[in-house]
Amino acid sequence: MTTQVTDHRGGVWSIAVPIPDNPLGHTLVHLLETDRGPVLIDTGWDDPDSWDALVAGVAACGFALTDLHGVLITHHHPDHHGLSAKVREASGAWLAMHAADTAVVRRTRGATSDQWLDHLIARLAAAGAPDGHLAPLRTARATGGGRRMPGLRAALPDREIGPGELLDLPGRRLRAIWTPGHTPGHVCLHLEEEHPARRTRGFGRLFSGDHLLPGITPHIGLYEDPAGNSGEVADPLGDYLDSLERVGRLAPAEVLPAHQHAFTDAGGRVRALLAHHEERLAQLRTLLSEPRTPWQLARAMEWNRPWEQIPYGSRTIAVSEAEAHLRRLVKLGHAECVPGSGPVQYQAVDGGGGRA
């Protein structure tokens, strides 16, 4: 196996850790040298080949796994947090994560695979998913197939990453920026140090996780809660748009994301993503001129390929993204539930407060 390692200079490295059977290809795990030893930013997917790539990558950076001082997790998804338990066990390093994502991990660990499948089946049925889409999930529920779902035993962190916190990393200035949206506890990490290339535009480098990627629009879906706890209705897309503007104001000289490649002009990428979501919300208002379920809306939305070519699992993700956009439209007063509809349907509201 050839391990891809990039020296970004100034004690910053990236290691390409493969994601099995995924078009993204790999997660860029970053290694940051500190006076107490290197710290990893994310760890990669829990898979033997991924583990071998991570260990080889740390060695290629000039360190042993036992040299690791800590692990900072940008968010709880398995391609970022999956290997954290193995890293901690092998190195003794501490793990840190934002409290909102720790809560997701705790809920995930506390729920059985059957509860997760029940939650997913009920949510998709309420969204109008047809029986053909629900059948494989019901089969997995009946046969115990949900036990193979990733993340059910994800590691709980040892430390909390607080919003705005200057992290305790001797010899470095790394500040946590809370950027909810992709997950409720997603964080970016701003290295408040002069760029080694002494770039005059922007300041420092931003480890952006999945929040800001150079050529991909991050998935924004509903936040996970298999227990179905009620309370304030979350608005993940609204959270994401607010977080984008916060990062745009930060104006780092360079962005080091968890996928694809490093890039400059964070402000330009932020503006492009804000415009993309504004355009998509306008398109959805047009689609909602007639009542649609979230499933029907997802089928009618524009994706990177026709609906018929979207894989089964990705359709579930697409429905969650449609629901997140619906939440945003409802919060803005641009859409509403159709009374008495089941599965639930939504319809656009005109500027005067009536149905379009």
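User: Is Asp 42 buried or exposed?

Analyst: Keep in mind that this is a predicted model. Asp 42 sits in the loop between strand E4 (39–41) and H1. Its relative accessible area is 1%, and anything under 20% counts as buried. So the word for Asp 42 is buried.

User: And what is the phi of Asp 42 near?

Analyst: Asp 42 is a residue other than glycine, yet its phi is positive. The value is near 75°.

User: Where does Gln 260 lie, and is it buried or partly exposed?

Analyst: Gln 260 is another non-glycine residue with a positive phi, about 75°. Its place is the loop between E11 and H8. Its relative accessibility is 33%, which falls between the 20% and 50% cut-offs, so Gln 260 is partly exposed.

User: Which residues does Pro 257 contact, leaving aside neighbours within four places in sequence?

Analyst: Pro 257 belongs to strand E11 (residues 254–257). With a relative accessible area of 1%, Pro 257 is buried. Its contacts beyond those neighbours are Leu 28, His 30, Ser 208, Gly 209, Leu 212, Leu 213, Pro 214, Ala 262 and Phe 263.

User: How many Å separate the C-alpha atoms of Pro 257 and Leu 206?

Analyst: Along the chain, these two are 51 residues apart.

User: What does Ser 50 touch, not counting residues up to four places away in sequence?

Analyst: Ser 50 is part of helix H1 (residues 48–60). It has a relative accessible area of 1%, so it counts as buried. Around Ser 50, the residues it touches are Val 17, Pro 18, Pro 20, Trp 45 and Leu 83.

User: Which residues touch the most other members of the largest nonpolar core?

Analyst: Nonpolar side chains tend to be buried together in soluble globular proteins. Here the largest nonpolar core has 43 residues. The ones touching the most other members are Leu 212, Leu 244, Leu 288 and Leu 297.

User: Which elements each supply at least two residues of this core?

Analyst: Several helices and a strand do. The list is H5 (113–126), H6 (131–143), H7 (236–250), H8 (266–287), H9 (294–300), H10 (312–331) and strand E13 (346–348).

User: How many residues are in the second, separate core?

Analyst: Ile 15, Leu 40, Leu 83 and Ala 93 are included in that second core. Its size is 22 residues.

User: What does Leu 288 touch, not counting residues up to four places away in sequence?

Analyst: Leu 288 is one of the residues that touch the most other members of the largest core. Its contacts are Leu 297, Leu 326, Leu 329, Ala 335, Tyr 346, Gln 347 and Ala 348.

User: How far apart are the end C-alpha atoms of H8?

Analyst: H8 has 22 residues, and at 1.5 Å a residue they should span 32 Å. The distance in the model agrees with that: 32 Å.

User: What covers the buried residues of H8?

Analyst: Buried residues in H8 include Ala 266, Val 270, Leu 273, His 277 and Leu 284. Among the elements covering the buried residues of H8 are H7, E11, H9 and H10.

User: What do the buried residues of H7 pack against?

Analyst: H7 has 15 residues and reaches 21 Å from first C-alpha to last, close to the 21 Å expected. Its buried residues include Pro 236, Tyr 240, Ser 243 and Val 247. They pack against E8, strand E10 (205–209), H8 and H10.

User: How is H7 oriented relative to H10?

Analyst: Two packed helices are described by the angle and the distance between their axes. For H7 and H10, the axes are 7 Å apart and the angle is about 80°. Angles of 65 to 115 degrees count as perpendicular in rough terms, so H7 is, relative to H10, roughly perpendicular.

User: Which residues in H10 meet H7?

Analyst: On the H7 side, the residues are Leu 237, Gly 238 and Leu 241. The residues of this contact divide into three nonpolar, two polar and one charged. Those in H10 are Ala 324, His 325 and Arg 328.

User: Is Glu 245 buried or partly exposed?

Analyst: Glu 245 is located in helix H7. With a relative accessible area of 38%, Glu 245 is partly exposed.

Methods: Residues numbered from 1 in each chain as written. Predicted model: local features only at pLDDT ≥ 70, side-chain atom pairs only at ≥ 80, totals over all residues. Heavy atoms only, no water. Helix = DSSP H or I, 4+ residues; strand = E, 2+ residues; numbered from the N terminus. Buried < 20%, exposed > 50% of the residue type's maximum accessible area, 1.4 Å probe, protein only. Contact = heavy atoms within 4.5 Å. Core = buried A, V, L, I, M, F, W, Y, C linked by side-chain atoms within 4.5 Å. Expected span 1.5 Å × (residues − 1). Axes fitted to C-alpha atoms, helices over the stretch in contact; angles between N-to-C directions. Parallel < 35°, antiparallel > 145°, perpendicular 65-115°, else oblique. Nonpolar A, V, L, I, M, F, W, Y, C, P; charged D, E, K, R; others polar.
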